[in-house]
Amino acid sequence: MSICGVYRQQLVLFGSCCCPPQQLPKLLPNRKTPHGLPLQTCGKSQLALIHDASSKFVPRATASAASSSSSPTEYSEQLLGGVKPKPKKQRIAGIDQDDLQDPKLLADPESCFCEFKGVQIHYKIFDAESLAPNLSEEAATTQVSDTTERAGFPMILLHGFGASVFSWNRVMKPLAQVTGSKVLAFDRPAFGLTSWVDPTNHSPAGSADARPLNPYSTMFSVMASLYFIDFLASEKAILVGHSAGSLVAVDTYFEAPERVAAMVLVAPAILAPLLKQDFSKDNQRGKNNKKQEEHSNSDGHWNPILRIFSMLSKLTKHIAQAIMNMLKGMGDMINYVYKKALSALLRSAIGVMLVRMIIDKFGIAVFRNSWYDSNQVTDYVLQGYTKPLRVKGWDKALVEYTVAMLSDSSSQSKPQLSKRLGEISCPVLIVTGDSDRLVPPWNSKRLSQVIPGSHLEVIKNCGHLPHEEKTEEFVSIVEKFLQRTFGASQEQRLQVVT
């Protein structure tokens, strides 16, 4: 059938239509039915020509299939598959990302906030004295008598990477009873309910520093720890660090050793040195080399050839040293440029999207892998760990934390931590699980061998979270450590924090 014949057939078919002549069906330009025929519209109803088995064009009314409220154009788009479905809500680790909230709206009844260097820090605090009225009269009497035999120092809890104050919920009250003092835990920037700030535009009110401290650096967490010791009105405190929080505890000790009474390192993410240095052998080797050099100099004093060779040798050493210094400078410059480029990439939309993808794909899986028995990970625990993903700017904060770790200039200016561990002189307890898949127990064992006087405790059938998975055993281990450390000193026992 020719095109003219098709149009005649269409006019015949629409001849019985109730529409006036001015509303006769018109061909919709560039729109066709699935059979390749022009789509036509007539008022509020649409007719499409279809091809039946007898090769005849038959009209099919489509008005009944469309809703009465749909316009012709809208339903035509439905026929053509042009209706766009509603965009799905973006979810990260099961958390809706279309409705992020202010941290204070997500706070618990026990939550508190304070401002430190322009950052709103979320923290919780429990006091042994405030817990006593909740006990029975007999238990309260025992509690008061026992506190005179306990440390008397407040305790500050430092969570690990990806965690928050929530990870200490099970042990805060028991530890307060054990210490007979206050126990405080706070969310480090980029984690928990501590607010997000832009470090590029961050300048605390009243600060005269030309270069303010990066809120996402380790040094900021160190200074915040010292701030909370003052906040608790104490000269010293016991620092308890878990995983990456152990690094903050150790750095706090080196920053102000006189403010740290003791440390408890739980599954510490601190790389232990592989071998101990034998300084006596090194010194003896140096003395022998010096004697050989003096002997060779005395023998070659009257030999011109040896003297020339010695001068050439020294000149070569100076040239080699100059070349090495130049290469080192070039390496530092390349490293600086590389870090700058990587930081810019991370801060871009691509970097933020990458962080979201990693958290969504691996976040919960890594958390479950932190437990020896992942069946203990209840919905309540998952909700507690994923709550920070509801906070505005959590992804940008995590990016800034990563950038700060890459470009931490303060750590580069100091000696390597592994070489300073032997300088720790305060009491140290190291606790690890025998089935820790993230920080292997052998690393904790090496740390206990490097840190003088430290004590190692290994909890059986336990993963990376001893304070959550084996709460009672963990608290018992800490209590015994404090009794050994402070129980014999009456002077220290009397320093009870008020």
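Residues are numbered from 1 along each chain as its sequence is written, and side-chain values use heavy atoms, with hydrogens and water left out. Because the model is predicted, local features need pLDDT of at least 70 and side-chain atom pairs count only at pLDDT 80 or more, whereas totals for chains, interfaces and linings use all residues.

Strand 13 (residues 428-433) pairs with strand 14 (residues 455-459) in the parallel sense, over five bridges. Pairing requires at least two bridges found by DSSP; strands (E, at least two residues) and helices (H or I, at least four) are DSSP runs numbered from the N terminus. Within this pair, Thr432 stands opposite Val458 of strand 14.

Val250 lies in helix 7 (residues 244-255). Its relative accessible area is 0%, so Val250 is buried (under 20%, with a 1.4 Å probe and protein chains only). Beyond its neighbours within four places in sequence, Val250 has contacts (heavy atoms within 4.5 Å) with Met263, Leu265, Ile270, Leu417, Leu421 and Ile424. Leu421 is 171 residues from Val250 in sequence, yet their C-alpha atoms are 8.6 Å apart.

Helix 10 (residues 349-369) packs against helix 12 (residues 394-406) at about 100 degrees, with axes 9 Å apart. Helix 10 is therefore roughly perpendicular to helix 12 (65 to 115 degrees).

Key. Buried means under 20% relative accessible area, exposed over 50%, partly exposed in between (1.4 Å probe, protein chains only). Axes are lines fitted to C-alpha atoms, for helices over the stretch in contact, and angles run from 0 to 180 degrees between N-to-C directions. Angles under 35 degrees count as roughly parallel, over 145 as roughly antiparallel, 65 to 115 as roughly perpendicular and the rest as oblique.
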